[in-house]
Every structure is written in structure tokens, then in C-alpha cells.
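This briefing concerns pockets and cavities, and what lines them.

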Amino acid sequence: MEILVASAIGVLTAGGTYLILRLRAFPVILGLALLSYAVNVFLFASGRLATNMPPILDKSGADVSYTDPLPQALVLTAIVISFGMTAVLVMVSLGAYLERESDEINIPHPDDDLSDDTATEDGK
Amino acid sequence: MGDGGGFLPVIAMLPFLGALVPGVMIRAGRNACATFTAIPTALALVMLLTHLPAVMAGEVITKEITWLPQLGLSASFFLDGLGMLFAVMILGVGLLITLYARFYLSGEDPMGQFYTYLLLFQGAMLGIVLSNNILLLLVFWELTSLSSFLLIGYWKHLPEGRQGARMALTVTGAGGLAMIGGMLILGNIVGSYELTDILAAGDQIKASEWYLPALILILLGAFTKSAQFPFHFWLPHAMAAPTPVSAYLHSATMVKAGVFLMARMWPALAGTEPWFYIVATVGLITMVLGALIALFKDDLKALLAFSTVSHLGLLTMLLGFGTEAAAIAAVFHIINHLTFKAALFMTAGIVDHETHTRDIKRLGGLAKLMPITATIGTLAALSMAGIPLFNGFLSKEMMLEEASHTYWFENPWIVPALATIGALLSVGYSLRFIFHTFGGPVRDDYPHHPHDPPRGMWLAPAFLTVLVILIGVMPWIAEPVVTMAANAVTGADLHPHLKIWHGVTPALFMSIAAIIGGAILLVLHRPLDAAWLRAPRPEAKAIFDRLIGWAVSGARWVTDTTHNGAISRYLAIFVAVTVVAGFVAWTGGGMPDVTRGLLPIPPVVAIGYVLLVAATLAVVLMHRNRFGSLVIIGIIGLMISAGFVYLSAPDLALTQISVETVTIMLLLLALHFLPKTTPKESPLGLRIRDGIIALGAGGGVAALAYAFLLRDMSVISDYHLANSYDGGGGTNVVNVILVDFRGYDTYGEIIVLGIAGLIIFALMEALLNGPASRRLRNTDYSQDRSRDRHPLMMVVATRVMMPIAVMVGVYIFLRGHNMPGGGFVAGLVIAIALLMQYMASGFGWTMARQQIEYHALIGWGVVIAGLTGAGAWLAGHPFLTSAFGYVHLPPIEEFELATAALFDLGVFLAVNGAVMLMLYSLSRIARYAGETVNIDPMDYDPTSRLEDREKEEER
């Protein structure tokens with residue numbers, strides 16, 4: 001199980017990293033979404049893995065063990081906040097696209113070897 | 001060690017407090033402003049002098065106020081002979097400068113500012129000489145750099161003033177940084193940052209292997225401050241300051257701070273070979289070089305500036321000798337230099353003020369026009385030259401005497417010879433100052449016809465000149481002060497005897513040679529000057545400017561290469577550096593042993609895992625097809641939710657799945673306006689590079705995650721588990737943590753979320769009012785739009801589902817404290833229920849039925865959560881302490897009422913409002929883009945579809 005979780009985090013991170021290095025806003029947003037998944041699972045996993053031990057207290061008094069609730073609480077808010085972050089980013093890139101009619105993320109730069117083939121001055 | 005030092009912190013603080021006043025008092029006039037500058041100075045001086053008898057008797061007065069004991073930093077002050085001497089000099093000369101500046105500054109200069117800066121500087125200097133804690137001393141040391149920057153650059157309109165101020169700040173600031181390092185090493189060697197401890201631990205320091213680094217770093221600080229070679233160049237450029245500043249900074253205070261520090265550290269650092277060779281050699285070079293340059297300077301203040309450099313070199317050399325007699329000579333010369341140099345600077349200022357020039361070549365004959373000024377200047381300059389019966393002679397004799405028996409690398413004559421040359425040059429420029437300014441015939445081409453200034457202006461230099469002569473004729477009157485300070489420097493019990501006639505000694509012959517040689521230099525000045533001007537010599541300012549230029553272009557190069565506007569480059573650099581840093585940390589070792597076994601992998605989980613990985617790969621591979629990748633990314637979210645369920649995190653699963661839903665909705669809405677595909681534009685090389693970076697990052701994170709998943713560590717959650725029910729009243733520990741244990745965090749988070757919602761709303765408003773709105777209005781969506789936008793089935797289904805969905809939301813909210821659920825999830829669920837109405841029945845229809853503004857929801861949420869937290873104050877508990885009780889109403893089961901539930905309600909409202917505001921803003925753009933709105937639901941008649949199309953085709 002641990003191998004699966006760790007490698008899933010790795011795959012998500014690698015995919016997210018590759019996508020945030022693309023040159024258009026939309027893949028970058030997708031990449032950030034993947035990275036958010038990776039980070040949230042990573043934080044969650046810092047409480048170690050456990051099955052059938054949800055942190056819901058058993059009032060019957062039986063000797064039950066629970067998984068670590070603290071990372072869960074932290075990740076819960078992180079999930080919601082990362083949604084807010086994604087939303088702001090989407091709005092910013094949407095605004096940039098509507099203003100410039102291009103969703104490139106890099107500022108056109110005269111001696112920039114990465115995007116000089118697509119650099120458009122676009123009247124600016 | 002005496003006590004009763006209660007006054008010391010007050011003395012140190014007085015100038016700072018006083019600095020608040022002149023800026024206000026300038027409204028009452030220039031005299032009031034100057035008076036109120038003098039009052040705190042005078043008050044501090046009087047308080048200081050009450051300690052004089054005790055200090056004279058050899059007592060050390062201390063006062064400690066604990067500040068940050070963990071760092072070894074305390075506001076502790078001490079006053080001994082050396083501190084007393086410097087403090088009196090700083091405050092006494094400060095008073096004279098205040099008087100002088102009152103008449104020197106013109107009506108256009110902002111005098112309030114000047115006096116404020118002056119008092120700040122005075123306070124910083126006073127702090128240096130009174131500090132007992134070297135960290136505190138460093139703070140004051142930096143303060144002198146900063147406040148002297150303000151003073152030197154006081155005439156902001158002069159480019160030389162600004163450049164000089166910058167140069168002084170750069171050089172002394174850099175030295176200060178080095179000194180911080182040195183002081184920290186010193187503190188580590190001794191184990192205390194208190195000067196009294198450090199001075200007592202001299203042997204321990206000198207024996208330490210860290211002695212040399214500490215010495216060099218501290219000396220760098222002292223040398224830069226005291227303008228020692230090769231850092232001497234900033235001082236002449238600081239002469240662009242108003243003359244009162246030059247007189248204050250370069251006679252008594254700023255540049256003496258370095259000398260003070262060397263004297264202060266004398267017992268701890270001096271007396272070793274490195275000390276002698278570094279300090280004495282640098283001092284000797286500076287003394288000769290400064291005097292040589294001074295001889296050929298035509299600007300009166302530049303001449304005095306290089307003379308100051310030379311005399312500071314002399315003091316440094318004396319301290320470098322490391323003998324007690326040399327220390328006595330140094331202390332005595334500090335006093336003498338102060339008296340004649342401050343007077344000379346003020347004289348130069350008067351000459352400048354009256355003739356409007358400081359160029360010696362345009363002056364001469366002033367003795368007849370300004371007799372008082374000429375008398376003061378001549379007497380002070382004779383003392384600078386070291387002519388008998390003036391105080392400069394006495395200390396110079398002592399210096400020559402010390403130099404005459406100093407060996408430099410076994411060489412008996414080099415130090416005496418160079419010292420004599422230095423003295424000789426000093427006589428030369430002093431005589432030139434006298435004869436070329438005041439001597440000679442009266443000219444008729446002064447830029448302004450001079451006459452003696454008002455009394456207020458010459459009073460201060462006249463007072464100092466009286467001291468020059470008094471000490472010169474009756475040296476024994478300075479004896480107690482010199483004894484007091486010299487004993488404090490050396491830590492020994494010395495009884496020096498200052499006298500004019502020492503008998504026929506080598507120093508006498510050196511003095512005579514210096515005076516005769518200096519007179520010859522004056523006679524030969526014209527041909528020598530011509531030769532000097534022809535000779536090539538390095539210009540320090542040009543070198544400094546070139547160095548700064550290199551630093552700037554280097555910084556610019558780094559910025560331009562790494563920060564060129566390409567975000568993908570920043571991200572690549574950032575990720576690569578993080579991966580490398582992680583790898584380096586991993587190679588450092590220190591991994592604990594594996595303590596956990598592996599959990600088994602059931603087949604269902606394995607299938608989910610394969611789905612997740614395949615979906616991720618698919619998103620990466622087909623990311624150019626934007627809709628497709630958006631659909632697939634949903635699979636990833638779903639699998640992660642399922643994973644949370646399996647791994648005992650039901651709350652996370654609920655949150656993840658509902659966030660997933662709104663995220664996809666949001667991205668779909670955004671994609672409506674964005675291009676539907678991503679062009680293929682990165683070259684293969686770039687993709688390979690990014691692939692390598694991505695694999696590195698993924699591999700690193702996976703390895704890290706795997707490493708800690710196999711190891712246990714101590715957690716703090718046991719406390720939460722144990723107290724969740726008893727203290728927080730809930731069995732869902734995650735929810736109790738959110739609304740109770742870590743309620744403050746949650747409170748901050750809902751505020752952040754609310755702000756994110758408002759940002760999106762504001763961005764939308766800005767977009768719709770900006771140039772983008774025209775483009776939006778002209779968008780043509782006819783190609784990709786379903787004609788039946790609000791299908792009957794969907795409208796009916798969502799209407800029916802609405803109450804159920806809301807009830808589910810309420811249920812999830814209410815059970816949250818004990819079972820999985822809570823405000824976050826409930827807020828999201830209700831948001832989804834509402835969004836369904838938007839999607840099915842259309843924006844206009846839904847908006848017409850909206851009762852509450854989403855902004856208000858966010859606001860109410862935050863207010864309710866905040867008030868719940870603040871309610872705890874009423875009960876006398878800290879913010880967000882929760883209370884709970886159990887209520888039993890007959891028809892239903894016993895249930896719990898907790899203030900935490902109220903807090904959760906705030907969370908619910910804020911989350912719901914923020915999410916709705918975000919999606920509503922995006923939908924409004926669509927509406928603005930010309931999308932028609934149904935007046936009634938289902939107002940579209942599918943039967944008319946054919947007719948519509950025909951109509952469109954006709955157009």
C-alpha cells in the first residue's frame with residue numbers, strides 16, 4: 001500500500017511539474033491541479049497510512065485505535081483553499097487572455113530562447 | 001564595580017527622545033529649534049558629569065536591563081574612563097556644533113531636519129561608547145552609519161552630497177557587516193556578549209584558534225569607520241556635507257568610532273604579533289599617505305579631510321604598537337586632535353561662508369579682512385603642525401618617541417623614518433593652510449567680499465582654540481583625564497606625566513627635522529604641486545565607481561538571465577533547485593531505521609491505483625485537447641476521494657469529491673472563453689528538459705513519501721484524540737480540530753477563501769469595464785452551442801432535487817461534530833445544489849430568485865465565526881474557547897449544542913458564499929458575452945428549431 005501511495009504522489013508530482021512548465025495558461029492550471037492533489041495526498045500521508053481506523057471516537061468505551069487526525073484536518077482546509085487558489089488563477093488567466101487574445105504565460109522577451117518563435121507584440 | 005548607573009540608559013536615550021523635538025520646534029523659529037536641540041544634549045552632559053568623580057576614581061558604572069537573554073542580548077550599559085572621555089567629547093562638541101550650525105545654515109536649509117539627524121547621530125555615537133553588550137554596540141554602530149548617511153547627504157540637491165553619502169554608507173556598512181561576524185566569533189569564544197566579560201578574557205581570546213578571523217573582521221569594521229588605508233577614500237567625499245557635519249563627524253565622532261573600538265578592545269585583542277603588524281602598519285601607511293595627499297589638496301575641507309585621515313592613521317598606529325605608553329599617547333592625541341581639528345573645520349566653514357569659496361588658490365590675505373577667524377585658524381593649524389606650546393606638539397612628541405624605538409620586522413629605522421616623514425608632511429600642509437589662506441596680500445577677486453562672521457559662529461571654534469593653548473602651555477591640566485582614559489584602555493594603573501620639555505631625546509630631533517622640512521615644503525610648494533598634478537595616481541572614486549558598476553552589472557546579469565519574464569523558466573529553475581537541494585539533504589544521511597511494515601494491497605485498490613496513474617499519464621499526454629484532459633482529471637479526483645475513504649479519512653473524501661465537482665464546473669466555465677486546444681509550440685529539446693525535471697521532482701517526492709511512510713515519529717495527535725470528546729464535545733476529531741483546537745487557523749482560512757472570492761468578483765468587474773468587454777460582446781459562439789440550452793428533463797430533475805440536496809447539506813452540517821461532515825463540506829454541497837439550478841434553468845432565472853447576496857454570505861460567515869470566538873471573552877476565556885452542553889427535547893433524541901457548531905455555521909456560510917461568488921462571477925461574464933437569458937424556464941420551444949435554423953440561414 002505504501003508503495004502505491006508514494007508512487008501515486010510521485011506520478012502526480014511529475015505530471016503536474018511537466019504541465020506547469022508548458023507555455024500556455026490552461027496546461028499550467030491543470031498542472032497546478034495535479035500538484036495540489038500530490039501535495040494534499042503527501043500531507044495526508046504524513047499521518048501514516050491506516051485502514052479502518054477513522055478518527056471518529058467510539059463512545060462504547062472499547063479499546064479502539066485511530067489514525068492521526070491532525071494531517072486530515074490540515075489537508076481538509078488545504079483542499080478548500082487550493083480550490084480558491086485555482087479559481088483566482090483561472091480568473092487571472094482568463095482576464096489576461098481576454099485582454100491580449102493570447103494565453104501565453106511568458107512575457108515576450110527579445111532574447112528569450114524559449115518562446116521567441118511565438119512571441120507576438122500584440123500592440124503592447 | 002560601582003552601581004547607581006540608573007542614569008546611563010537615560011543618557012543614552014536622551015538624544016533619541018530629543019530628536020523628536022527639533023522638527024516641531026522649527027515652527028517656533030530657528031533659535032528655538034537650536035535651543036531645543038541643545039537642551040537634551042546639555043541635560044545628558046550634566047547627567048554624565050555627575051558620574052565624573054566616581055569614574056575618575058576608577059569606578060566602572062554599569063546598568064543592565066534584560067532584553068533578549070536567549071540571544072545573549074541585553075540593554076546593558078557601562079561607563080568607564082574611556083567611555084566617559086568619548087561621551088563628554090560627543091556631547092560637548094555636539095553642543096558647540098549646535099551653536100555653530102544655527103548660524104551656518106542658511107534660511108533655505110531645513111533646519112529642523114538637520115537637528116533631528118544630528119541628534120539621532122549623537123544618540124547612536126553615545127550608544128556605542130556606553131554599550132556594555134557588544135550586540136547592542138553593533139546596533140548603535142549600524143545606526144551611526146545610517147544617521148551619518150542622512151547627515152552627509154543633507155544637501156539632497158547636490159549630486160556630490162548624495163554620492164558621498166552613498167559611498168560612506170557602502171564602505172562603513174560593509175565594514176559593519178564584517179564586524180558583526182567578528183563580534184559573534186568573539187562572543188562565542190568568551191561565551192558572553194558582555195564587554196566587561198570579554199575584556200577580562202583577553203588571554204582566552206588570544207589563545208583561541210578563532211582569534212585571527214575575529215581580529216581581522218573586527219578590524220575591518222574599525223578600519224572602514226576610521227577611514228584607514230585602503231578604505232580611506234570615503235572620508236574626503238563625505239566632505240560634500242555641510243561644514244558643521246564635517247566638523248562633528250570627522251573630528252570627534254564618526255571616524256573616531258573605529259579608534260574607540262580599537263581602544264575599547266585593546267585589552268582583549270592587542271599585544272599580539274598579528275595585531276601589531278596589521279594595525280600599526282595600516283596606521284603608518286594611512287598616516288603618511290593621508291598627509292601626502294593633504295599637502296596637494298586645494299579645497300580647504302579636502303585638505304582637512306586628508307589631514308584627518310592622516311591623524312586617524314597616527315592614532316591607529318599608536319594603538320597598534322600595543323604598549324602602555326603608546327596607549328597614553330593615543331588617548332592624549334584623541335583629545336588634542338578633537339580640539340584643533342573641530343576648530344579648523346569650523347574655520348574652513350566660516351571662510352567658505354564668507355568668501356563663497358574653499359579653493360585655496362583663490363584665497364589668501366584673509367588675515368587682514370577676517371582677523372578673528374584668521375587668529376583662530378592659525379592657532380589651531382599650528383597645533384595641527386605640532387609646533388611647541390600647542391597641544392598638538394605634546395602628543396606628536398609622544399608619538400615620535402614611541403616610534404623611535406619601534407622595530408618593524410627587526411628593522412629599527414623604518415617606523416621612525418616614516419613617522420618623521422608623516423610629521424613633516426603634516427607641518428607642510430598645516431603651514432600651507434595658514435599661509436595660503438590667511439597670509440599674503442589682500443586680493444580683490446574673492447567671489448564674495450569677506451569679513452568676520454557674527455559672534456555665534458566664531459564662538460565655538462574660539463572656545464576650542466582656547467583649549468588648544470591651555471593644554472599646550474599647561475599640559476598637566478589634561479593629566480587627570482588622560483590618566484582616567486588610559487587606565488580604562490589598558491586596564492593598568494598608570495600615572496603619566498605630561499610635560500613640554502622631555503630633554504634631548506630622539507623625538508626632539510625628529511620634531512625639529514619635521515618642522516624645518518615642512519617649512520621647506522611650503523616654500524617649494526608651487527613646483528611640487530605642478531609635479532604632483534602631472535604624476536599619474538589612482539583615483540579612488542573612479543575605482544570605487546567601477547567596482548559598484550561591476551556589482552550592478554553582475555546583479556543585472558543574474559536578474560536578466562533568471563528573471564526574464566518567462567514564468568516557465570522561473571518554475572523550471574525553482575523545481576530543479578528544489579530537487580537538487582533535496583538530494584543534497586538526502587546525501588547528508590541521518591535516516592532513522594525502518595519501523596513500520598507495509599500494508600497489504602487489495603485488488604480493488606490496485607485497480608483504483610492503475611486508473612489514477614493511467615489518468616494522470618493521459619492528462620499529460622493529451623493536455624492539448626483541453627476538454628478531454630478536463631474530463632480525465634475528474635477521474636484522478638475521484639480515485640483520490642476513494643483512496644481517502646479506504647485510508648480512514650471520510651471527511652477528506654467528502655471534501656475532495658465536492659471540491660472536485662466545483663473545480664470541474666469552474667474550469668468548464670473558463671474553458672468556454674479560452675481556446676479549446678493548446679498549440680504545439682515547445683521544441684522537442686525543451687520538452688525533454690521539462691520531462692527530466694518532472695521525473696526528477698516526481699521521483700524525489702515519491703522517495704521522500706516512501707521514506708517517511710515506513711518510519712514512525714512522535715505525533716501530537718494523542719492530545720487531540722484524548723480531549724476531543726471531553727474538551728470539545730465532539731467525536732469527529734477532525735471536525736473538532738477544525739472548529740476548536742485549531743479554530744484560529746480555520747478562521748484565517750475562511751477569511752482567505754472569502755478574499756479569494758472577492759478578488760474574483762473584482763477581477764470580473766474590472767474585465768467587464770475594461771477593453772476586454774468589447775471583445776466579449778463580439779464573441780461568436782454560434783458554432784459550439786447547443787440550441788436546447790435548458791433541456792426539460794434537466795430543469796425538472798434539478799428542481800426536484802433541490803430540496804433534497806439542501807437537506808443533505810443541512811444533515812451533513814449538523815452531524816459534522818460527531819460524524820464525518822461539517823461546515824466545509826456542507827457549504828460545498830449546498831453550493832453544488834445551487835449551481836445545478838444555474839446550469840439547468842439558466843443564469844437569469846436563478847438570479848431573479850436569489851434572495852441573499854453572496855458577498856453578504858461571506859461577510860456574515862466571517863462575522864458569525866468571529867463573534868463566536870469573541871464570545872469566549874465574555875466568559876473570561878481566550879479567543880475561540882468553545883462551550884457545549886446536551887439538550888434533551890422529548891420528541892427527538894438527546895443532542896448537543898456547542899458554540900463550536902455556531903463557529904461551524906460561520907465556516908459554512910463563508911465557504912458557500914465564496915464558492916458561489918467565484919462561479920457566479922464567471923457565469924456573469926458569459927451573460928455579458930451576449931448569451932441570451934430565459935425569461936421563463938423552458939421558454940424555448942424545441943418544435944420551432946427548424947424554423948429558427950431556416951431564419952438564420954436566410955440572414
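How much space lies in the largest pocket? In this predicted model, the largest pocket holds about 1200 Å³ of space. The model is predicted, with local features needing pLDDT of at least 70 and side-chain atom pairs counting only at pLDDT 80 or more, while totals for chains, interfaces and linings use all residues. Residues are numbered from 1 along each chain as its sequence is written, chains are lettered from A and ligands numbered from 1 in the order in which they are written, and side-chain values use heavy atoms, with hydrogens and water left out.

**Largest pocket**

- A pocket is an open set of points on a 1 Å grid over the protein atoms alone, with protein on both sides within 12 Å along at least five of seven lines, and lining residues have an atom within 4 Å of a point.
- Of the 45 lining residues, Phe233(B), His237(B), Glu539(B), Ala540(B) and Lys541(B) are the closest to the centre of the largest pocket.
- Helix H8(B) gives the most to this lining, with 8 residues.
- The lining comprises 28 nonpolar, 8 polar and 9 charged residues, where Ala, Val, Leu, Ile, Met, Phe, Trp, Tyr, Cys and Pro count as nonpolar, Asp, Glu, Lys and Arg as charged, and the others, Gly among them, as polar.

**Cavities**

- The whole structure contains 9 cavities of 30 Å³ or more, a cavity being a set of grid points where a 1.4 Å probe fits but cannot get out.
- The largest cavity has a volume of about 130 Å³, and its lining residues include Tyr37(A), Phe83(A) and Glu660(B).
- The lining of the largest cavity divides into 5 nonpolar, 6 polar and 1 charged.

Technical notes:
Grid points are joined across faces, edges and corners, and a volume is the space filled by probe spheres set on the points. Helices (H or I, at least four residues) and strands (E, at least two) are DSSP runs, numbered from the N terminus.
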